[in-house]
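Let us walk through this structure.

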Amino acid sequence: MRCAILGSGNIGTDLMMKLLKGTDASGSGTTPLELVALVGIDPESDGLARARKIGIAGPHEGPQWILDHADGIDMIFDATSAYVHKAHSQAYMDAGIVAVDLTPAAIGPKVIAAVNLTEHLDAPNINMVTCGGQATTPMVYAVRRATSALPYAEMVSTVSSRSAGPGTRQNIDEFTKTTSTALREIGGAEHSKAIIILNPAEPPIMMRNTVFAALPEGTDHDAVLQSIYDMEADVQRYVPGYRLKNQPVIEEGPFHTPGGVVPHRAVVLLQVEGAGDYLPPYAGNLDIMTAAAQRVGEAIATHRRTSGNVQHEAGASA
Amino acid sequence: MTATDYRLIDSTLRDGSHAISHQYYADDVVKIVRGLDAAGVQVIEIAHGDGLGGSSFNYGFSAVPEKELIARACEVTQNARIACLLLPGIGLADDLREVNELGVQVARIAVHCTEADITEQHIKVAKGLGMEAIGFLMMAHMNSPEGLVEQALLMQSYGADTIYIADSAGAMTTEDVKVRVNALVQALDVPLGVHAHNNLAMAVSNSIAAYQEGARNLDGTSAGLGAGAGNCPTEILAAVSTKYGIETGVDPLALMDLAEDVVRPLMPRQQVIDRAGLILGYAGVYGSFLLHAERAAERYNVSQADILLELGRRKVVGGQEDMIIDVALELAAKHATQDIAGEDVNA
């Protein structure tokens, strides 16, 4: 499947480096994605310069370039901003291009790679939530599947200042709102809250995420812990640097949560170390996003190949 | 402005909330607002201790939803303007819209002192609502005077009407305050304010020094109720300001009555500079970590002082309360390993 990356900033460039390895997101097979271009708006950007050096097209005409070359593109990874994605999502759809949206625009259904990867493979637009959402929703889901109910879940994401780009900074509310929604819609919590903190320490800190989950009376704590360990292994299959920083703990309350009073809470302390494809390993927030997007793009490509409904690809092989 | 350009912002109902684990009730709010208002305090800040939307596992759940308390404050006040505080990443622009409907006129948008560019969205929303917007740079000891100027100018460019620097860790000496205030007053077109904590017993003297260097907005809380070893006590600040001949517009005796008769009886413990409080100031650790660290120390049977010192080493910033559990677990694991090693030696 022929794809282009839109947005030549940190995320777009990191995804390009991943796709150029030729292996799939798990690192064990071949990727079904063929990268045709990294598209930006600034001809001087480092990302575009890298693309050209490697021999990948690196135009700077932005979304219009994608629409002008729609015949040769089956899928785009949009790593611009929520605003830019919202303005063009209909045009991509009309042009028959599948959009994997890495912005918090939240136009299409949300996908968390480790939880609902195969739920929306036919959707024309997929939303990848946020980096914090990709890191924490799996753990919320892991608690939910081991309990009778999950009245409330909360995530706290701390990223190094250097790895938070202008898109995140100018619209931080979109990050927290989109992430919080994912904790409910995909994680299975009844109520939720998301918090993001930027930390300027030098050398930069690794991305840290903490999940707090309200445990109702009668919860089997061992089952919750086992489910968390299982989920860690699942996410590690496409983000090797994803790990429990300390053992998950069950703390005694009572806790007066928005979902009611509960006797205990689970605390899951996570760290994400990036693969260092473009930015250094501390930028795990970018890595989990690009790795998840690659995994979702590959799942869509494989699905459409087997169901044979990719027009462009049929044309190309003819 | 009134006869004086000195402005006192009392944060008993916001920063004070940390010291009572966010357990304010409507009756407390009514009494405190009436007392501050009658004493002539110009601005009264009210919100969860970590700002609008702060009620959470990470920071502690409010006993009463903050918007109910804010609504009461707005109903009760006669002259004082009601302010809120919001940390982008914790609270939302929608929260500002809601509290503005309730009557809140001043929005303090707070960030770590190097991250001013995340306040643009919220400062502009506050201004759009017709509120006074105050840019609030926290943990100001962690940035240089030049660095703070750069950050403050960004906030000014977004439309902030006033800029504050907050010594959130109560870690600044008087000299630290003076050089920062001086640089900011020179560089800014808008007025400056200083928010002090008392971990090094410097809150009142640093506030007075800030005034002398040109800061015209000062923060306090009644009886010093607040994060860490406490805030700059409003009643002491008013009394000392008066002795310096500063026209404050507030009545120190009325503030003393409020502190003694209303606020002290609410306090689970008086604000003293004990070891943990002093370590906050000494190691430069965010004041509201204090009680969370105390609880984690009990839960995991480790030293509260060790937790705070390690947080200082890790350069955690305000809002990272989850790291307290992280540090406590690592300290507990280290103790366990040492115990096992000890047994081996004995065997």
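This is a predicted model: local features need pLDDT of at least 70, side-chain atom pairs count only at pLDDT 80 or more; totals for chains, interfaces and linings use all residues.

Two strands pair if DSSP finds at least two bridges between them. Strand β7 of chain B (residues 192–195) and strand β8 of chain B (residues 217–220) are joined by two bridges. The two strands run parallel. Within this pair, V194(B) stands opposite L218(B) in β8(B). To get from β7(B) to β8(B), the chain passes through helix α7 of chain B, residues 203–212. This β-α-β crossover is right-handed.

β7(B) also pairs with strand β6 of chain B, residues 162–166. Four bridges join them, and they too run parallel. Here A166(B) faces H195(B) of β7(B).

What covers the faces of β7(B), and are its residues buried or exposed? Both faces are covered. L192(B) and V194(B) lie on one side, G193(B) and H195(B) on the other, and all four are buried.

Compare A239(B), in helix α8 of chain B (residues 234–243). A residue counts as buried with 20 or more other C-beta atoms within 10 Å of its own, and as exposed with 12 or fewer. A239(B) has 18 within that distance, so A239(B) is partly exposed. A239(B) is 74 residues from I165(B) in sequence. In space, their C-alpha atoms are 23 Å apart.

Now turn to the nonpolar core. In soluble globular proteins, nonpolar side chains tend to be buried together. The largest nonpolar core in this model has 216 residues. The residues with the most contacts inside this core are I76(A), I44(B), C84(B) and L137(B). Helix α9 of chain A (residues 284–307) gives the largest share, 10 residues. Take C84(B) as one centre of contacts. Beyond its neighbours within four places in sequence, C84(B) touches E45(B), I46(B), A47(B), L52(B), I70(B), V99(B), V104(B) and A107(B).

Next, the domains. Chain A divides into domain 1 (2–129 + 284–317) and domain 2 (131–272). Their C-alpha centres are 26 Å apart. In the contact between them, 25 residues of domain 1 of chain A meet 30 residues of domain 2 of chain A. On the domain 1 side, α9(A) gives the most, with nine residues. By class, that side has 15 nonpolar, seven polar and three charged residues.

Chain B has its own division, into domain 1 (7–266) and domain 2 (288–346). The C-alpha centres of these domains lie 30 Å apart. Their contact takes 13 residues from domain 1 of chain B and eight from domain 2 of chain B. The domain 1 side has six nonpolar and seven polar residues, and no charged ones.

Last comes the contact between the chains. Chain A puts in 31 residues and chain B puts in 26. Several elements of chain A give two or more residues to the side that touches chain B, among them β6 (152–160), α7 (172–185), β8 (207–215) and β11 (260–272). The largest share of that side, six residues, comes from β7(A). By class, the chain A side has 13 nonpolar, 10 polar and eight charged residues.

Methods. Residues are numbered from 1 along each chain as its sequence is written. Chains are lettered from A and ligands numbered from 1 in the order in which they are written. A nonpolar core is a set of buried Ala, Val, Leu, Ile, Met, Phe, Trp, Tyr and Cys residues joined through C-beta atoms within 7 Å. Two residues are in contact if their C-beta atoms, placed from the backbone, lie within 7 Å. Domain bounds come from an automatic or database domain assignment. Ala, Val, Leu, Ile, Met, Phe, Trp, Tyr, Cys and Pro count as nonpolar, Asp, Glu, Lys and Arg as charged, and the others, Gly among them, as polar. A crossover is right-handed if, with the strands pointing away from the viewer, the path from the first strand over the helix to the second runs clockwise.
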